[in-house]
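Thanks, everyone. Let me put the model up, and then I'll walk through it.

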Protein chains: 4
Amino acid sequence: MPGFLDKLLKILQSRRGKDMRFLCRHLLSQRGEASQTALAQEIINTYAAMDSTQRTRFYKMLSSEFSPDTKVLHRAAANYLEDPNETNLSLLSAAVEPPRQELLRRINTAPRGTETLVAIRKHLLDLSVKSPDISPLDADLRHLFRSWFNRGFLTLRSISWQTSALILEKLIHYESVHEINGWPDLRRRLQADRRCFAFFHPALIDEPIIFVEVALANGLTGDLERLLDVNTPVLTSDKVNTAIFYSINNCLDGLRGIPFGNFLIKQVVVELAAEFPNMKNFCTLSPLPRFSKALLDTHDEHGFTPRRLSALLSDYAATLTAAARRRGPVEAFFLLLEQPVANRDVLAAPLSRLAFAYLTEARQNGKVPDPVASFHLSNGARLEGINAFGNLRPYGLKASFGITINYRYVPDELEENHERFVTAGQIRISDALSREREIVKKAWHQDQA
Amino acid sequence: MPGFLDKLLKILQSRRGKDMRFLCRHLLSQRGEASQTALAQEIINTYAAMDSTQRTRFYKMLSSEFSPDTKVLHRAAANYLEDPNETNLSLLSAAVEPPRQELLRRINTAPRGTETLVAIRKHLLDLSVKSPDISPLDADLRHLFRSWFNRGFLTLRSISWQTSALILEKLIHYESVHEINGWPDLRRRLQADRRCFAFFHPALIDEPIIFVEVALANGLTGDLERLLDVNTPVLTSDKVNTAIFYSINNCLDGLRGIPFGNFLIKQVVVELAAEFPNMKNFCTLSPLPRFSKALLDTHDEHGFTPRRLSALLSDYAATLTAAARRRGPVEAFFLLLEQPVANRDVLAAPLSRLAFAYLTEARQNGKVPDPVASFHLSNGARLEGINAFGNLRPYGLKASFGITINYRYVPDELEENHERFVTAGQIRISDALSREREIVKKAWHQDQA
Amino acid sequence: MPGFLDKLLKILQSRRGKDMRFLCRHLLSQRGEASQTALAQEIINTYAAMDSTQRTRFYKMLSSEFSPDTKVLHRAAANYLEDPNETNLSLLSAAVEPPRQELLRRINTAPRGTETLVAIRKHLLDLSVKSPDISPLDADLRHLFRSWFNRGFLTLRSISWQTSALILEKLIHYESVHEINGWPDLRRRLQADRRCFAFFHPALIDEPIIFVEVALANGLTGDLERLLDVNTPVLTSDKVNTAIFYSINNCLDGLRGIPFGNFLIKQVVVELAAEFPNMKNFCTLSPLPRFSKALLDTHDEHGFTPRRLSALLSDYAATLTAAARRRGPVEAFFLLLEQPVANRDVLAAPLSRLAFAYLTEARQNGKVPDPVASFHLSNGARLEGINAFGNLRPYGLKASFGITINYRYVPDELEENHERFVTAGQIRISDALSREREIVKKAWHQDQA
Amino acid sequence: MPGFLDKLLKILQSRRGKDMRFLCRHLLSQRGEASQTALAQEIINTYAAMDSTQRTRFYKMLSSEFSPDTKVLHRAAANYLEDPNETNLSLLSAAVEPPRQELLRRINTAPRGTETLVAIRKHLLDLSVKSPDISPLDADLRHLFRSWFNRGFLTLRSISWQTSALILEKLIHYESVHEINGWPDLRRRLQADRRCFAFFHPALIDEPIIFVEVALANGLTGDLERLLDVNTPVLTSDKVNTAIFYSINNCLDGLRGIPFGNFLIKQVVVELAAEFPNMKNFCTLSPLPRFSKALLDTHDEHGFTPRRLSALLSDYAATLTAAARRRGPVEAFFLLLEQPVANRDVLAAPLSRLAFAYLTEARQNGKVPDPVASFHLSNGARLEGINAFGNLRPYGLKASFGITINYRYVPDELEENHERFVTAGQIRISDALSREREIVKKAWHQDQA
């Protein structure tokens, strides 16, 4: 008997799924226009009650059925080609826009509409098999979000211990760079020598979109532990001269690909410069998350080939081989790297050089392979410092062999740095690193000589 | 010499105009991406300093220079026609979107961006000569505004005497249906038996987008003076059973064509129904702004032809001719209409009938010619009442010969009424008016029998 | 019959009055303790419904019936005199406190309690015949208010055009120094080069207690019109170096005698100094409201006796007699004073001297007779300037013969000035006025030589 | 040498102590009036820097030196005795008020003044040896606080997960009835079927004065664990019919003796009744904190004498002696009580009876000995239920042998219950308990028969 009931339930549920087709058509119809908000509400509620199978079916239905009218579009394209005047252009433009976009805009008219659409895109992106059947829906959502989540509609809020627990709890949840270990950890990150800023969108109440955590320090550091330790004494504001951006997190998966971080960092620089007229430095303390993987992959001809490793490590050959009791420095290096912390004194210098080489020389399809580096450099930041064993936490050792990077934001040079990086792949480097650069360059390209 | 100085100034100013081209190109370029907000700010400031000549030139520049790349678009259209697959569709879609839209989105990233773009569209629409040279810019602004000013991003706020003077002052400024004569008049409109609601957009601080004024009454009235008189006693809330929407105003010319009124009225109905569980009636007290003009134009074959007038007025022939000492009732009617208030006893019934005929029978290109009627009927409201001499104020007499109309919003029938009206031009009418309708119909179409 | 009904109504009303005795006793009783808030609410409502006769009776009842228990107090006083130990002191202290105070504190527990008690004191003070029968009630209210309206419980708020109309309307109502002529006048007083600050008390929502209006100016002025004229151009903030306090108003009559003004001015000086680091001067532009009356009263031996007038005016004898075609300068002066504005050129200097003499030499019971002068000088301000015809408005001419005074607040000298003034009647005077002071002193006291 | 430095430091610090005498005299003086706020600020800062020895000295100084002028008071008392008229009364009243009160009022004028005064009283009460030297200061602070913390000046705020972490953290700190075990525990106490309300005072920002925690339940329970368990499912609001006040906490020791709890509970009853029209029951779930101690003290002739115990337990003699293998039920009872949870089945009934007897019959100086019982009963609540083993947490077993009590607030009977309890010691009891009452009474007073 339960088999029968299950079946019945499935049928009812699938009918509910059919209802969605009806509801969506109705919402787009002439008749539905008078009760958009109510219909949109019903679509939102129905969606919330769907299981994952129904959702996938729903996405496919939206992707296939609310596309541009092929006939109309053909005619418009043909007419435009025949006579490319303003009217035909505008008719073509209208014909190419899928009705799906208007449908999504109408769903947005109900309370929690934006929230639901962002959730839909999250679910969509979560689907393990990326189906081309649903990419039109993804494209339309992305198109709308780029417009709706324009910087002009975001508001910056300072997050502090005065903020509601509801929002603070979300920071704990969303922080993925340096995990927040409960409320006492969060509390330390919000004390007088720390700052946290987030972007919010008016349609997503109590929901941070992206946030950045900043440590106010006396001088730059590459040592993460000094920033994160709950027991670090609180610095008084008169001693502060450096702002260290040590964590930046996008919160909503549904907004993937919509750029906020660039705007957030620059806005926070402006805020902090206003609050602390004596602030000299705006830097990050960042991971190099793909460094370990790249270093261990000696088969990538664009990466750390044995020959390059050998050249890069040659300056440290004596100490490495002595420490590891091995003949070749490369072999010695990798042996020592199996216990990086124990061998930190010997490894610090060679690791820094390799990280530097990775950042400045390694390219994949002409691009900087590390996403964090790529983000800050394309924002116009310069490469300020490389710190061996700056992050001794397990995840830091695993992904970056403990390396931390300081990128520095110098307002006056952002535009030029950005352009050079984006158009020519050039990286601006601090003076302190310039000699090292020559060495690295030579070592990397020795075979080309 | 002043001539020389003027000339120099002009040159400098025109160069400033050229700067705008540079700034806009820069903002759209790779290089400009890193400093979008700063560039956008400069464009906004430069625009604010422009005179009207420069502005017009700026609009033309934007309209002509930031359009889709013709070659790319041609190729995309041709490819799509050849092989209308998903990829080609998406390439065509990308090719048809003018870079102008991205430019406008980037201008929006700076503070006051939205405000400036809305102002630009206002100025654009204000231009006396509608130039086709600027319609692409208008189309793009309109496209963006439809998306940005989606109902889901608007917040409803109740306006009261507790609201800031800054906002209240704007109500005085924007009210154009029934002018607010200074602060005491406004104060009466915000007392305990009145309500005022407005939509706001988060990016336009302290700026109402649209607002509606409501009188809470005991029973429906068509008499405007009872609502507007500053000395009308305040009704206690236990006696309230009818909400009369007596004025609705769009505030920002730059948002013309973006529909808010529909959403506002329906949301306010929901709010008032929640506050007053005993509220039975949600009606408007509206003008019939094109009635006078239509009545006096006896040459329009779709309107009040002499034959129709004669038929419509035949029931009142005796009283009209007696009062005006004229033989024909039509002639008598128009004579009396020269002093409508003095002759209100005689004119009330015939004017009501004519107004009714105008609403239900007169059509221009198949459409109801009066914009207010068209708005409420297409929202799904029904025609509830017609009141002769409901508005004796000069503008009321001039435009509507004193006629006021009650449209009624009955939540359950909105969707059906809307559909019938929009698709078939049918108007839902209150039972009380149904007999009159037959008379009017017969009189209007007598010649067709 | 109506006579009978009236009678009945009176009886009912008077019984309601009796109820108040019952309610008050009940509220103070053991039994009433459990429902203090409800009982207090009933007392508040009953009071609100009382007419003035009932109120007066109520005040008398409270004054006579809720006084200390005479027997207990006698015993406590006798015991204390016999053995003045700590216990007897504390018993005496308890015995002398009238139960009325506890009653008033309990009335205060209900919503609008504070508002009602402040209103009661206002009504009390308004009573034309000051009856000793009600002074105990007044004394107790005053005692409580001094404690409740302690500076520590007041909050300073900046009032601007962003403030609610509800509060702004009250400013218009309460302003009594320089009447606010409607909303446009108020608007000018709240623009970018004006400031307005008020104290609020948390228990009196939306009710300013006291407020001060400040003009931000470039240099000090004694000319009121430049400050009040609605069309005066708005000064940009970079040109501001002087803050002129031109109007300060207590709002609630019921709080008469509770000092706020002193605290308000000093707090506002602190606020403005923080906002404008370059602000050099904090001055008032004040009336001299009893000057006219004093000047015309030549029979007051402590005031402007004919001999003193003659001596004070002797320097101006020639111009006065020439202008008035009179022999004696005093006679000439008073004749010209009948049309002060017409004769302003001749009168300006002598009027200034007389005003100066009035401020610095005239004393009533050893005190400065002008209340505004007394207020600022006892706050520690110095006398900075005297301006003839600074206020040409009718009330300014009538009360002060157009004289305006600048008192200046110099933070560092406030304490010393205050002490000298309060203990020795000494007035600190600006250097510019010091020579004039010698002349005036000599003229005033010539007969003593 | 360090000895010398220490000495010097002590001298300097003690001089700082002397400064306080000077500062306080200065603040009360004529001269100090002009700079009250600044002087008060300095006193506050100086106090904050004091160690406990200095503080004690400071309290003694305030207590001895700012008392009423003995001579003036003697004269006023004598005059009043001679002629007890209104004037002499008012002079006596003025003479008996210690200048200390005015001093404290002036200290309150500075920012953080109220906070400091409340802290002073806390420190005062903390002093291990209660010195009569400081009781005058305590009396004056208490006198002022009774006036300043009048119910009319307190605001009720609902505390939720939306509240700032700063305030929530304080709840965790101040909760002393049922400890909050970190943020997840707190979170459960703020979910949809829980409420928390607190009183705040406007001068103590972000500082709750007193708060109450309420569980919304379906039916009354005496079982604490069901309320406190973090994993208890959240009840939907349609099922709620009973509000259970399970914890009420005063936050500021410095306000000891100022009554808030009474007002808070009644206000919260009003709030919940408005939110849930179907709420039938407003009850507490309270401890009986002195029950264990009273039960074990068989030597108190007003308490559980062996004879009374024997009589009260006689009904349960059989089961008790069987379970404990002892002859006498009293002896058996106490043996079983050594492991109360293990023997809960046998102990439940006898423990309930003893708790009931303790509440209704045991008296100390004619008063109910349990403070929680005394609080609720004198608020006018009735005794609704007694629950054996309602609280199995260690502190519950230790203090109350696991007993929990339900007191019920029935709005209509509060006043009468309060009066009977306060004047005659009578306790209102639920009908369900009335038969038990007769048994208990008889058993307790058997020897009087």
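Let me start with a quick one: is strand E7 (residues 404-408) of chain D mostly covered or mostly open? Mostly covered: four of its five residues are buried. Buried here means 20 or more other C-beta atoms within 10 Å of the residue's own; 12 or fewer is exposed, in between is partly exposed, and C-beta atoms are placed from the backbone.

Some ground rules. This is a predicted model, where local features need pLDDT of at least 70, side-chain atom pairs count only at pLDDT 80 or more, and totals for chains, interfaces and linings use all residues. Residues are numbered from 1 along each chain as its sequence is written, while chains are lettered from A and ligands numbered from 1 in the order in which they are written. Helices (H or I, at least four residues) and strands (E, at least two) are DSSP runs, numbered from the N terminus.

Back to E7(D). Strand E6 (residues 382-387) of chain D runs antiparallel to E7(D), and five bridges join them. Strands pair, by the way, if DSSP finds at least two bridges between them. One bridge takes Arg382(D) to Arg408(D) in E7(D).

Now one whole chain. Chain A has 21 helices and seven strands. Its C-alpha atoms fill a box of roughly 80 × 60 × 55 Å along the principal axes. Of its 449 residues, 41% are buried. Take contacts, meaning C-beta atoms, placed from the backbone, within 7 Å. Among those in chain A between residues at least 6 apart in sequence, 70% join residues at least 24 apart.

Domains next. Chain A is assigned domain 1 (11-148), domain 2 (154-281) and domain 3 (291-448). Those bounds come from an automatic or database domain assignment. The C-alpha centres of domain 1 and domain 3 of chain A lie 46 Å apart.

One residue to look at is Ala217(A), in strand E3 (residues 208-217) of chain A. Ala217(A) is buried, with 22 other C-beta atoms within 10 Å. Setting aside neighbours within four places in sequence, Ala217(A) contacts Leu235(A), Val240(A), Thr242(A) and Ile244(A). Phe304(A) is 87 residues from Ala217(A) in sequence and 35 Å away in space, C-alpha to C-alpha.

Most residues other than glycine have a negative phi. Arg112(A) is not a glycine, yet its phi is positive, about 65 degrees. Arg112(A) sits in the loop between helix H6 (99-107) and helix H7 (113-126) of chain A. Arg112(A) is partly exposed, with 18 other C-beta atoms within 10 Å. Arg112(B) also has a positive phi of about 65 degrees.

What about helix H7 (residues 113-126), seen in chain C? Its 14 residues should span 20 Å at 1.5 Å a residue, and its end C-alpha atoms are 20 Å apart, which agrees. The expected span is 1.5 Å times one less than the number of residues. Buried residues of H7(C) include Leu117(C), Ile120(C), Arg121(C) and Leu124(C). The buried residues of H7(C) pack against helix H2 (36-48), helix H3 (52-65), helix H6 (99-107) and helix H8 (135-148) of chain C.

On to the assembly. Chain B superposes on chain A by a rotation of 180 degrees with 0.0 Å of shift along the axis, RMSD 0.1 Å. That is the relation of a two-fold axis. Superposition is by least squares on C-alpha atoms of residues with pLDDT of at least 70 in both copies. How many residues does each of these chains give to the contact? Chain B gives 44 and chain A gives 45. On chain B, the elements giving two or more residues are helix H4 (70-82), helix H5 (86-96), helix H7 (113-126), helix H8 (135-148) and helix H20 (414-424). The copies meet through the same surface, because 100% of the interface residues of chain B are also interface residues in chain A.

Last pairs. No contact joins chain A and chain C, whose closest C-alpha atoms lie 15 Å apart. Chain B and chain D have no contact either, with closest C-alpha atoms 15 Å apart.

How values were computed. Two residues are in contact if their C-beta atoms, placed from the backbone, lie within 7 Å.
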